Amino acid sequence: MQEVTVRIKFNRVCPGSTRKRTEDGNVEFCMLRSPDNRVMFLATWWRAIMSYAAQVINKHQKDVRSICWDPIVDGEPQKWRRYSQESGDGRRRRFAVHEAFLPGSVIGVHCVLPATIGLDDFWSLLDVAGAYKGISPYKPSDDYGTFEVVSVTHRKRVVDGEDLSSC
């Protein structure tokens, strides 16, 4: 097993889906948050796109279910307006405000890989998952959250100034 840090860069917007009332009474769609207010992407979301990628490359179909994903994401979303289609009767377009990772945003996530998946294969799986499925809390589909892999590195843990990754 090995613990890794993954950095991905979004090609398409990745909007939040949790409804929240703002102070002025409007609705805003926010990212799922941990109790300490950090953005979370659930392990089930990662598992779904990685299972798809494993089928595409015909490798590690069972092994991807054993990847342990840290739900906390390293990154801060920005405000984004999603516009609805203009109606045929001439009414103006409406919009909804979302928290979102915009195209070009880079985020990080940690996971533990089973011994059966090497770093090169893991990169390939993520590359396929990001290109064809993407990851997004808002209507998970091919329309939102596609990404490219920036890096996959061994996670370094430092406690009290001491590097624990070599223990």
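Predicted model: local features only at pLDDT ≥ 70, side-chain atom pairs only at ≥ 80, totals over all residues.
## Nonpolar core

The largest nonpolar core holds 32 residues. Phe 41, Trp 46, Met 50, Phe 122 and Leu 126 touch the most other members.

## Helix α1

The 15 residues of α1 should span 21 Å at 1.5 Å a residue, and the end C-alpha atoms are 21 Å apart, which agrees. The buried residues in α1 are Trp 46, Ile 49, Met 50, Ala 53 and Ala 54. Viewed down the helix axis, the buried residues of α1 fall within an arc of 145°, so they line one face. The general rule behind such a pattern is that an α-helix has 3.6 residues a turn, so residues three or four places apart point the same way.

The cover over the buried residues of α1 includes β1, β5, β8, α2 and β9. Asn 58 follows the helix, with a positive phi near 55°.

## Helix α2

Buried here are Phe 122, Leu 125, Leu 126, Val 128, Ala 129 and Gly 130. They pack against β1, α1, β5, β8 and β9.

Gly 134 follows α2 and has a positive phi, near 75°.

## Aromatic pairs

The whole structure contains 11 aromatic pairs. One of them joins Trp 69 and Phe 122. Their ring centres are 6.0 Å apart, with 40° between the planes, and the pair is tilted. This pair links distant parts of the chain: Trp 69 is in strand β5, Phe 122 is in helix α2, and 53 residues separate them. Both partners are buried: Trp 69 has 8% relative accessibility, and Phe 122 has 0%.

Tyr 138 and Tyr 144 form another pair. Their centres are 5.5 Å apart and their planes meet at 75°, so the pair is edge-to-face. Both Tyr 138 and Tyr 144 are buried.

Ring pairs also build a cluster. Its members are Phe 10, Phe 41, Trp 45, Trp 46, Trp 69, Phe 101, Phe 122 and Phe 147. Phe 41, Trp 46 and Phe 122 were named above among the core residues that touch the most other members.

## A charge over a ring

Tyr 52 has a charged residue over its face. That residue is Lys 133, at 4.7 Å from the ring centre.

Ala 115 lies in the loop between β8 and α2. Ala 115 is exposed, because its relative accessible area of 70% is over the 50% cut-off. The C-alpha atom of Ala 115 is 9.1 Å from that of Asp 63, although the two residues are 52 residues apart along the chain.

How values were computed:
Residues numbered from 1 in each chain as written. Heavy atoms only, no water. Core = buried A, V, L, I, M, F, W, Y, C linked by side-chain atoms within 4.5 Å. Buried < 20%, exposed > 50% of the residue type's maximum accessible area, 1.4 Å probe, protein only. Helix = DSSP H or I, 4+ residues; strand = E, 2+ residues; numbered from the N terminus. Expected span 1.5 Å × (residues − 1). Arc of directions from axis to C-beta. Contact = heavy atoms within 4.5 Å. Phe/Tyr/Trp six-rings, centres within 6.5 Å; stacked < 30°, edge-to-face > 60°. Lys NZ or Arg CZ within 6 Å of the ring centre and 35° of its normal.
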